[in-house]
Amino acid sequence: MKNGVLLWVILLITTSGLVSQVKTRSYIYDEALTPREHNVDFEHLKLSVDFEPEKGLVKGSVWHSFVTLQQNVDSIFLDGININVKSVKLNGINVEYKTYENGVTLYFNPLAWKSKHLIEITYECTPKKGIYFIGWNDPKGICRKQIWTQGQGIDNRHWIPMYDEQNDKITSEIIVKFNNKYKVLSNGVKLEEKPQKDGTTLWHYKMNKPHTSYLIMLGIGEYKIKNIKSKSGVNINLWYYPDWETRVEPTYRYSAEMVDFFENEIGVKYPWENYSQIPVQDFMFGAMENTTATIFGDFFMVDEKAYNDRNYVSVNAHELAHQWFGDMVSARCAAHHWLQESFATFYNWLYEYEVFGKEHYDWNRRNAANAAISETKKDYKPIANSSAGSTRHYPKGAHVLHMLRYVVGREQYNSSVKYYLEKHGYKNVDSEDLLIAFHENLGLSLDWFWEQWVYKGGEPHYQVRFYESIENNQKNSVFEVEQTHSTNEVVGLFKMPIWFEVYYADGSKDSLKVWIENKNHVVKIPNKKGKEIAFVLFDPNANIMKECSFIKSFEMLKKQALQAPSMIDRYDAVVAMREISIEQKKPLFLEIFNKEVFYAVKTEIVSQLFANNNVDIDFIRKALSDKRTEVKKAVLENTSTIPASLVSEYEKLLNDQSYSNIELALELLCYHFPENAGKYIEKVSDTEGAVGKSTLIKRLELEYFYTNKTEAVNQLVEFTSSSYEFRTRVNAANALKKLNYFNEKLLKNLVEASTKANNRLAQPSLDAIHYFSDQKKYSKTVADYFKLNPIYSSYTQFSRWY
């Protein structure tokens, strides 16, 4: 018995030891990893719909063609939020149904396996999401009147009873009857635009290739259309407001060229029959890549000056890239959302490289790396996770694709992406499909790359030390590299090919690529001729997304800042001098500023010089006349005093080619020379600003502050009303907060704004209500307003006052 117990203990210990040695793979759990089950395959959706926009009412009939996927299907559930179903037919025969808050279930006799059928549903609804009625109840008639949709993520179910998930692809067609004063856009080919005798027009659009249901769209309003064509023959329709014709060219700049660029870069022809873009008011995002018909916020409709502040080029390219990545090939479930957004972001970077240059592209990557590293401080979620967040789905994932192309080479990367798209065209995919495509096309097993960059989180932190050594009469340049980031079950050591470069005083260099994958590495580069070293680089051009600690001497940083071929390495050298005394670096900074072209290096120099309050008048004058608006903006943002000899230079910026700079200059000049505020305000009296009336609102704010004109503050209050688009409303509310001006009319406007679906309007408006309510002199006015308006008691954002 004792021997038996002893044997059992020995076996237990031995087995435990073996188990502890087994390698495992751990990932962060994602509840959206599994796609939703469905018992039928929907193939075609046909919708006939009209509207009573003043009521926000949708009246429709929808037909769903489907094939049964499972045996003995006797019921189907369709998503439909608070939809009033009038009738349901299956194959022309009425069937039983039951409605719920979130949809409707159809009941019928079991259907034959793999058989085709047709559902017809007539319905009405007054949706709160998915479709938006803009301006139809504006008592002043100032607001644009529009109807537009936003289906992503799963919001089309609010106005169409349907299977509203991304793992089933359908063709679709939409028939709309509407007032002939307005134009209608939807997905696909326009089959009909037929005037009716009752003053309406019948519009009929149809998709001939399958796409995902959330991409179904409508856009209705008063528009003109500019038709252009790519060199490859793609018809492009650029919709715009008739009163904004001068904004068409700066807004849609490069639109045709983008199509040709992507077809060449991706290697796959544009996958649809045509492409349209339409601006809409009060859009809650930047833009949406609906198949063949991108919707974007009209705040991107810019004139020449607003183009210099923020233009539409990047977003334009992003949404166009989605026509391949997201529309043609779509993620099967939310866990693989990065396959859409990361690709679209990476390809909009590539197009920006084409028109704005390599340094612009590299700066995009640097900002992406910084954002990703910041996110890692919160959690370790990977890009292939439904809750990874926008930073990881967009810029981090794009940088991961840059690194993938860096690892395999551009031609092999492009070939594999082409293979991936052609293999999975008009179908659903997941992250493994992309990995398999690279394996099948190149024979490469890139599981290690997917494991650390796609399925797991974090970024490497390298500690690098450099010195010179002599061994066997051979001089060597030595790099010691250590991976110092925290490792755990979901973040390990990183394996990447990294270049090491040594630049010599005579202008030559030595380079060596080494796979860094262990905790510690020592890399030696022979200096065969014993040359004098100017500077060294670890991962030149910062191709690896990482943190890096690498202390260098001032002399080495100086030469790197002046001589490194890549802007990002020159920038890093300047940043590394932040703790160096101004006396030591100032002459160098002036030299770099005169030599450097890209604005990021120049703005860093401006920031450091101003931070030390040691800025030459001549330098400020030079920076204020720089070609890049970003450099002038950096001076304005760092200005604490305006020297008398530079007043005229600052005054020139009241007519700058940037609305942002005009506003900054106006505020600075009024602050430092209040006796001249009226004169400065008058100089910008004809300048409105393209986005959200930003310059006009800044002028009104300062006019009231310095001259106490009630007309100015009354106009600001008016701009917070529902007669104006959300950027104007938010800008005006923020101006009134600065002025601490409050009345009941403003409160009424803010409360109404706080109920809107567009959170970029609702949240700032609610914040403003709290700001005023927290002040003793205004708190009673706010409390009394809500007491007299119990209609708002059901809104959770107002619970504080009920």
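A: What follows looks at helix H10 and then at the protein around it. This is a predicted model, in which local features need pLDDT of at least 70 and side-chain atom pairs count only at pLDDT 80 or more, while totals for chains, interfaces and linings use all residues. Residues are numbered from 1 along each chain as its sequence is written, and side-chain values use heavy atoms, with hydrogens and water left out.

Helices (H or I, at least four residues) and strands (E, at least two) are DSSP runs, numbered from the N terminus. Helix H10 covers residues 431–442, which makes 12 residues, and from its first C-alpha to its last it reaches 17 Å, close to the 16 Å expected at 1.5 Å a residue; that expected span is 1.5 Å times one less than the number of residues. At the start of H10, a side-chain oxygen of Asp 430 comes to within 3.1 Å of the backbone nitrogen of Glu 432, and just after the helix Gly 443 takes a positive phi of about 80°.

An α-helix has 3.6 residues a turn, so residues three or four places apart point the same way.

Turning to the whole, the protein has 26 helices and 30 strands, and of its 802 residues 56% count as buried.

Conventions:
A polar contact is a pair of N or O atoms within 3.5 Å; within protein, one must be able to donate a hydrogen and the other to accept it, and residues adjacent in sequence count only if both atoms are side-chain atoms. Buried means under 20% relative accessible area, exposed over 50%, partly exposed in between (1.4 Å probe, protein chains only).
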